[in-house]
Amino acid sequence: MFVDRAKIHIKAGDGGDGCTSFYTEKYISNGGPDGGDGGKGGDVVFKADPRKSSLIDFRYDKHFKAENGARGGSRYCHGKNGANLVISVPKGTVIRDAESGGIIADLFDENSEVTVLTGGDGGKGNARFKSSRRQAPHFSQTGEKTENKLILLELKTIADVGLVGFPNVGKSTLLSVVSAARPKIADYRFTTLSPNLGVVKYYDDSFTVADIPGLIEGASQGAGLGHSFLRHIERVRLIVHVVDISASEGRDPVKDYNDINKELDGYSKQLSALPQIVALNKADALTDEKAAEKFKKATKTEDVVVISAATRLGIDELVKKIYEKLSELPPLKPMQFEPFVYSSPNTEGFSIRRDSDGAFEVVGGMVDDLARKIVLDDYDSMNYFQRRLKESGVIKSLRLAGAKDGDTVRILDVEFEFVE
C-alpha cells in the first residue's frame, strides 16, 4: 500500500528531576548537599532513509515519544540523558506543523536529518543551590516537561522528469521500456495507484523519471486520484506529456492534451510553467498518417516525439531529447521556505486574572517555571519564591490590578492574603 500523507503525534522526552540528598558516611552525619542534576530528555529527530518509498509506517502507529531523562542521584551523580528518537521517513518528505501549516523541514537530500523537538532540561540537584547563606538546601528542581505536538508528513517524489497524461495512454509501459522499473500494467483505467520511479541510463549519465497516476478532468479540484498525486510532480524539472495519438479509445488527443494542461494550471501556475515534451504514444496503432502533424498544428507545440512504447518506436529519440532538455535546465533544489520552529516556553511572562470569587490569580510561563524550582514546605525555597515574585514585578502588578490589603492571591498551590 502506498501512503504519502500522515498525521502523527510527537513528544520530546521530559527532563529528569534533580535529587535532594546529603552526604553521609561513617563518622560524618551531615556532610552537606550532594544531590545531582537530572538528565536531559531525548530529542525527536527525523531522518531521510533512501530505503523507504512510502509513509506506510505511520498508517497505524501515530504516537512517538523520545526517552525521558533519568533522575539525578546522590554524591553528585548526574541522571542519564534520555535517548533521542530517530524517525526514518522517505527522501522527499516535507514536515509541517499540523495546526499552522508551517513547514518545519524538507528532507530533500539522502540521509538528511532535522531535530524537530528538543528534550526538556533536567532539574538541578540541591547541591546547586548551596551558598554561603544557605548551607543545607532541602529542595531541588524538577525536570522540564515537554508538550505533545501534532505534525503532518507529506511525501513529494523527487525526480527529474514527470510522466503525465490520462489513464491508459501508456505511461507505465513507457517507464518500463526506458528504465528498469516494473510497474503494474493492464488495459484498464487506474492500473497505477501510486507514483512509480525509474532511473534512465543515457551513456555514462542518468536521470530519474516518475510515472504520476490518476490524472483526469477535474483532478485539480479533487476528482479521481489526481488530486492525491499532483504534489508528486511539484519537484520535477521537466514534464513528458504522454498522449494516445491513435485515439484507440475514441478520445480526442488534442482535447486530452489541453485538459491535462488545464489541470496542471489549476493546481499550480508554477507547475504549468514547467517545460514539456509531448510523447505521442501508440503510433503503431495509427490509421491516420497525418495525425501527428494535425496535433502539432492544433496545439502549436514543436517539442513532439512520435513513439510506440509497445514496439520501442521513437524511444531512443525521446530519451535523447529528454536528456538534452534536462542539460539546459537548473538542477533540482529543495523547497524555499521560512522554517517553522516550535518556540521555547516563555519563563518570564505572567498575567493576572480575577476569579469568580474575587481572588487574584497569577498565571503564565514564569509561574510554571517557578513550579519546577520551589518546594512549598521548605523555608529556604519559600524565601526564594517570595524574592522572585518581588523581583519579577508580580507584587507591583497585583497593586495595579486593584489588589488591596486582605485580598486573596493564588499562585500555583499557594493561597495567601495580599499585604501592602
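Okay, let's start in a loop: Tyr203 sits between strand 10 and strand 11. Helices and strands here are DSSP runs, helices being H or I with at least four residues and strands E with at least two, numbered from the N terminus. Tyr203 has a positive phi of about 55°, although it is not a glycine. Is Tyr203 buried or exposed? Exposed, with a relative accessible area of 72%. On the cut-offs: buried means under 20% relative accessible area, exposed over 50%, and partly exposed in between, with a 1.4 Å probe and protein chains only.

Before I go on, a word on what we're looking at. This is a predicted model, where local features need pLDDT of at least 70, side-chain atom pairs count only at pLDDT 80 or more, and totals for chains, interfaces and linings use all residues. Residues are numbered from 1 along each chain as its sequence is written, and side-chain values use heavy atoms, with hydrogens and water left out.

Strand 10 and strand 11, residues 205–211, run antiparallel and are joined by seven bridges.

Which order do the six strands take? The order is 10-11-9-12-13-14, in an open sheet with mixed pairing; two strands pair if DSSP finds at least two bridges between them. Strand 10 (196–202) and strand 14 (304–306) are at the edges with a single partner strand each, so one side of each has no neighbour in the sheet. On average, neighbouring strands of this sheet are turned by 25° against each other, direction ignored.

Next, the helices on that sheet. Helix 1, residues 171–178, lies across strand 9 (161–164), strand 10, strand 11 and strand 12 (238–244), at about 40° to strand 10. Helix 3, residues 253–267, lies across strand 9, strand 12 and strand 13 (276–281), and runs at about 145° to strand 12. For those angles, axes are lines fitted to C-alpha atoms, for helices over the stretch in contact, and angles run from 0 to 180 degrees between N-to-C directions. Contact means heavy atoms within 4.5 Å.

Helix 1 also meets helix 6, residues 315–328: their axes come within 11 Å and cross at roughly 85°. That makes the two helices roughly perpendicular, a label for angles of 65 to 115 degrees. Leu174, Val177 and Val178 of helix 1 make the contact with Ile315, Leu318 and Val319 of helix 6.

Tyr76, in the loop between strand 3 (63–65) and strand 4, has a phi near 65°, positive in a residue other than glycine. Tyr76 counts as exposed, at 59% relative accessibility. Lys91 is in the loop between strand 4 (85–90) and strand 5 (93–97) and counts as partly exposed, at 33%. Leaving aside residues up to four places away in sequence, Lys91 touches several residues, including Ala48, Phe108 and Ile158. Lys91 and Gly402 are 58 Å apart in space, C-alpha to C-alpha.

Finally, the chain as a whole. There are nine helices and 18 strands, and 47% of the 420 residues are buried. The C-alpha trace spans about 105 × 55 × 35 Å along its principal axes. The radius of gyration is 32 Å, whereas a compact globule of 420 residues would have one near 22 Å; it is taken over C-alpha atoms, and the globule rule is 2.2 Å times the number of residues to the power 0.38.

Technical notes
Angles under 35 degrees count as roughly parallel, over 145 as roughly antiparallel, 65 to 115 as roughly perpendicular and the rest as oblique.
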